[in-house]
Amino acid sequence: MTTLDNAGPLLETKLYVPRLRRGLVARPRLIERMNRGGESKLTLISAPAGFGKTTLLTEWLAAAPVDGRSAAWLSLDPGDNQPASVWTYLVAALRAVAPGVGGRALSLLQGPQPPPIETVLAPLLNELGAAPNDVVLVLDDYHVIDAHDIHNGVAFLLDHLPPQ
């Protein structure tokens, strides 16, 4: 486990891209659709449990050409409905592929009274805008998040994404 300053221990496995499984059935049509969707701000993959959403994402990332794009991964679970926790994990995921990004956001999150999420996300977005490579952020199992504050923060993030 690692820590981000005073955030306490973070479970690093939440930040790992899952390994591809043996015997994987190739899905070239879905991978092609994912490639086209990768040009958008948001790609939503929706299907019932067990239909291979995580496997598809893992396969897509593994099949992606090395074009300077980095993939940050965050596996979410029902315990991630606390805004400070989910934003700390999200910053940790981004820092794994864009070192130095999110320092100001983390310091704001760790304050005694965290400010409105827009105040936390603005410097994060500015730092992402200065990142040299494109960054893909995967929020696996986002459907378990039911906190409106987190949904509002994700909407703010999407509305203000830098070009890459």
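This is a predicted model: local features need pLDDT of at least 70, side-chain atom pairs count only at pLDDT 80 or more; totals for chains, interfaces and linings use all residues.
**Entry 1: helix 3 and helix 6**

I started with helix 3, residues 83-97, and helix 6, residues 148-159. Their axes are 9 Å apart, and the two helices pack at an angle of about 35°. I looked up the handedness too, and this crossing is right-handed.

Which residues of helix 3 meet helix 6? I found Pro83, Val86 and Trp87 on the helix 3 side. Facing them from helix 6 are Asp149, Ile150, Gly153 and Val154. Sorted by class, this contact has five nonpolar residues, one polar and one charged.

**Entry 2: helix 5 and helix 6**

Next I went to helix 5, residues 117-129. Its axis comes within 10 Å of the axis of helix 6, and the two cross at roughly 35°. Here again I noted a right-handed crossing.

Helix 5 brings Ile117, Glu118, Leu121, Ala122 and Leu125 to the contact. Helix 6 answers with Gly153, Phe156 and Leu157. By class I wrote down six nonpolar, one polar and one charged residues for helix 5 with helix 6. Gly153 of helix 6 is a name I had already jotted down for the contact with helix 3.

While I was in helix 5, I also checked asparagine 126, which is found there. Is asparagine 126 buried or exposed? It counts as exposed because its relative accessibility is 58%, and the cut-off for exposed is over 50%. I then picked leucine 20, which is 106 residues away from asparagine 126 along the chain. Their C-alpha atoms are separated by 33 Å.

**Entry 3: valine 101**

Valine 101 has its place in the loop between helix 3 and helix 4 (103-109). Its relative accessible area is 5%, so I put it down as buried; buried means under 20%.

What does valine 101 touch, not counting residues up to four places away in sequence? My list reads Val91, Arg95, Leu124, Glu127 and Leu128. I also looked at leucine 161, which is 60 residues from valine 101 in sequence and 14 Å from it in space, C-alpha to C-alpha.

**Entry 4: two prolines**

Proline 114 is in the loop between helix 4 and helix 5. I marked it as partly exposed because its relative accessibility is 38%. Leaving aside neighbours within four places in sequence, I found proline 114 in contact with Leu108 and Leu109.

Proline 163 lies in the segment after helix 6. This one has 87% relative accessibility, so it counts as exposed. Proline 163 and leucine 76 are 87 residues apart in sequence, and their C-alpha atoms are 25 Å apart.

I found aspartate 141 in the loop between strand 4 (135-140) and helix 6. With a relative accessible area of 32%, aspartate 141 is partly exposed.

**Entry 5: rings**

How many aromatic pairs does the structure hold? Zero, so I had no pair to describe. I did find a charge over a ring, though: the charged end of lysine 14 sits over the ring of tyrosine 89. The distance to the ring centre is 5.1 Å.

Note on methods
Residues are numbered from 1 along each chain as its sequence is written. Side-chain values use heavy atoms; hydrogens and water are left out. Axes are lines fitted to C-alpha atoms, for helices over the stretch in contact, and angles run from 0 to 180 degrees between N-to-C directions. Helices (H or I, at least four residues) and strands (E, at least two) are DSSP runs, numbered from the N terminus. A crossing is left-handed if the near helix is turned anticlockwise from the far one by less than a right angle, and right-handed if clockwise. Contact means heavy atoms within 4.5 Å. Ala, Val, Leu, Ile, Met, Phe, Trp, Tyr, Cys and Pro count as nonpolar, Asp, Glu, Lys and Arg as charged, and the others, Gly among them, as polar. Rings of Phe, Tyr and Trp (its six-membered ring) pair if their centres lie within 6.5 Å; planes under 30 degrees apart count as stacked, over 60 as edge-to-face and the rest as tilted. A charge sits over a ring if NZ of Lys or CZ of Arg is within 6 Å of the ring centre and within 35 degrees of the ring normal. Buried means under 20% relative accessible area, exposed over 50%, partly exposed in between (1.4 Å probe, protein chains only).
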